Amino acid sequence: MSMQPMQRWKVFSFAGATAVAMAAAAVPSHSQQPMKPAAPLRLADLDTTVSACVDFYQYASGGWLKSNPIPNQFSTWGPFQELREKNFLVIKDILENAAKAAPTTSDPDTKKLGTFYASCMDSAAAETAGAKPIEDILAGIAKISNRADLNREIAHLHQLGMSPVFSFGTEQDPKNSTVVIVTANQGGLGLPNRDYYTKTDANSEKIRTA
């Protein structure tokens, strides 16, 4: 039996989408109609012209692939990507309704959510403000001159919700899946990898300076 390799899926991150969805769960969306449950199995998605014992992937997905070409704005496409995009539209609708209601609503959750979203989407105000909202943070970083200063600034940035140098989180214990443990991870680098910090050629020096 031969099977064609399944398309690789490109994962898109949507910062804060999960948190927003949870926070917005209680916010009514008046423009959304109740969603109908999808059919558990659509026979039209099959390609019954192919034997399942010869090419199961084509048999199971051929009908769907034929009727669902990859949209121009995507590099890959599949049912899960379609579900993700539809979910984004639902979240967008919730956020936009909250933003409209924020100035007059008495509901604190709707007000917080709507105000936060509206401020994030105000690109004109963001361009006008520039780096001013984080000037105090940048000034604190600029004052670092020794290890003690560095330690204090790392602690301060963690208090602000950032993760310089390292980050804490929780995950399933790799050795015991019934236990959730605290984990500490490196916080990442500003540049792609170690070599950007150690190379001494002119271009690397220029990148570090910038």
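Trainee: Leaving aside neighbours within four places in sequence, which residues is Tyr 197 in contact with?
Mentor: Happy to start there, keeping in mind that this is a predicted model. Tyr 197 is found in helix α8, residues 195–198. Once neighbours within four places in sequence are set aside, its contacts are Leu 189, Gly 190, Leu 191 and Arg 208.

Trainee: Which backbone nitrogen lies 3.1 Å from a polar atom of the side chain of Tyr 197?
Mentor: Two backbone nitrogens are worth a look here. The distance of 3.1 Å belongs to the backbone nitrogen of Leu 191.

Trainee: Why does Tyr 197 count as partly exposed?
Mentor: Partly exposed covers the range between the buried limit, under 20%, and the exposed limit, over 50%. Tyr 197 falls in that range because its relative accessibility is 40%.

Trainee: What is the accessible area of the nonpolar surface patch that holds Tyr 197 and Ile 207?
Mentor: Ile 207 sits in helix α9, residues 202–209, and is partly exposed at 31% relative accessible area. Its C-alpha atom is 9.4 Å from that of Tyr 197, ten residues apart along the chain. With Leu 189 and Tyr 196, these two form the patch, and together the four have an accessible area of about 350 Å².

Definitions and conventions: Residues numbered from 1 in each chain as written. Predicted model: local features only at pLDDT ≥ 70, side-chain atom pairs only at ≥ 80, totals over all residues. Heavy atoms only, no water. Patch = residues over 30% accessible without salt bridge, like charges linked within 9 Å, V, L, I, M, F, W, Y side chains within 5 Å. Areas by Shrake-Rupley, 256 points an atom, 1.4 Å probe, with all protein chains shown as cover. Salt bridge = Lys/Arg side-chain N within 4 Å of Asp/Glu carboxyl O. Helix = DSSP H or I, 4+ residues; strand = E, 2+ residues; numbered from the N terminus. Buried < 20%, exposed > 50% of the residue type's maximum accessible area, 1.4 Å probe, protein only. Contact = heavy atoms within 4.5 Å. Polar contact = N/O pair within 3.5 Å; in protein donor to acceptor, adjacent residues only side chain to side chain.
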